[in-house]
Amino acid sequence: MSRRRRNDPDIAGVLVVDKPAGMTSHDVVAVVRRALGMGRVGHTGTLDPAATGVLVCAVGRATRLVEVLQAGQKTYAARAVLGIETDSQDADGEVVATTDASHLTEPQVCEALMGFLGAIEQVPPMVSAKRVDGRRLHELAREGTVVEREAVTVMVHDLVMEDWEPGEHPTVSFLVTCSAGTYVRTIAHDLGQRLGVGGSLVALRRVANGAFTVDRALTLDEVTTLGETELRSRLLAPADAVAHLPRVTVGDQAWRRLAHGGSLPLDLAPHSDGPFAVLDADAELVGIYRRRGDHARPDLVLARPEDRPEATADGDPAPATVDPVEATP
């Protein structure tokens, strides 16, 4: 008989898991739910079943942070084979073309690979989770349907060629840091097209998702063997999970206002159009805000008035002034 999962309103945190090969990201989330005894768990970026590495799981009220956490840069260790093209752009697909690529040299491939640095255009693969007319592409692909896809602009921030193995179907290993929404399998495919021999991805490991790195991730064995109490103690606090954002610290009076959905004056917000974190005096996350019009308004609020009953006394539910603020760039 399975244990009933809870949705504890007081739980909010992030668990970084090293996803093994052979499981979907949803499978891993299901394991985390069972291990924590929590029903409310989400993740911040799908990895294909064959891929391994960092899967950031948001737990409890921290699931509201998923959109913020998945927007950051990601770093992958990848290996591509040249001269073999598949319909899925990776080793799981059907081979659609083979070419002798033994004439390629390491300098040639390195030069072609470096051409993917910066802003590039990618056509999403048919096996991706991107939606077209309300349907995910991989659902259409399983039905044997191929649809037109518009190219999207993504950013490759860093790209390093790490290894080269010559042969009839040579392999190239590379480390790539890119924006969210970048398809590494498509880089492998497009590299093969650029070299005139075709190509596909044969291995992928996500080594970092924003500030979350694989060396600090729990293995799935650790997730399942640690007790529920110990596992909950490993949750990263929401404020630490968004440490990459600019932040503002407010006092109790401002906390009351913000916990009720209030806004911050612009002169108390960082000089940035992007999101920033607001923390209370105990370094706990109040919410995520951004400059909008004449105030900084919330994208989401994690603080709850009931967290501090003494701070919501009658007659002072939302003060008109905000306490001194410390802004960190």
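1. Seventeen residues line the second largest pocket, and Arg 61, Glu 284, Leu 285, Leu 302 and Asp 307 lie nearest its centre. A pocket here is an open set of points on a 1 Å grid over the protein atoms alone, where a 1.4 Å probe fits, with protein on both sides within 12 Å along at least five of seven lines; lining residues have an atom within 4 Å of a point. The model is predicted: local features need pLDDT of at least 70, side-chain atom pairs count only at pLDDT 80 or more, and totals for chains, interfaces and linings use all residues. Residues are numbered from 1 along each chain as its sequence is written, and side-chain values use heavy atoms, without hydrogens or water.

2. The second largest pocket holds about 320 Å³ of space. Its lining has nine nonpolar, eight charged and no polar residues. Helix H8 (238–241) and strand S18 (285–292) each supply at least two lining residues. Helices (H or I, at least four residues) and strands (E, at least two) are DSSP runs, numbered from the N terminus.

3. Strand S11 (residues 171–178) is largely enclosed by the rest of the structure, because seven of its eight residues are buried (under 20% relative accessible area, 1.4 Å probe, protein chains only).

4. S11 pairs with strand S4 (residues 74–82) in the antiparallel sense over eight bridges; pairing needs at least two DSSP bridges. Here Ala 77 stands opposite Leu 175.

5. Strand S10 (residues 152–165) also pairs with S11, antiparallel, over eight bridges. Asp 163 has Ser 173 as its bridge partner. Five residues separate the strands in the hairpin of S10 and S11, where Gly 167 takes a positive phi near 150°.

Note on methods
Buried < 20%, exposed > 50% of the residue type's maximum accessible area, 1.4 Å probe, protein only. Points joined across faces, edges and corners; volume = space filled by probe spheres on them. Nonpolar A, V, L, I, M, F, W, Y, C, P; charged D, E, K, R; others polar.
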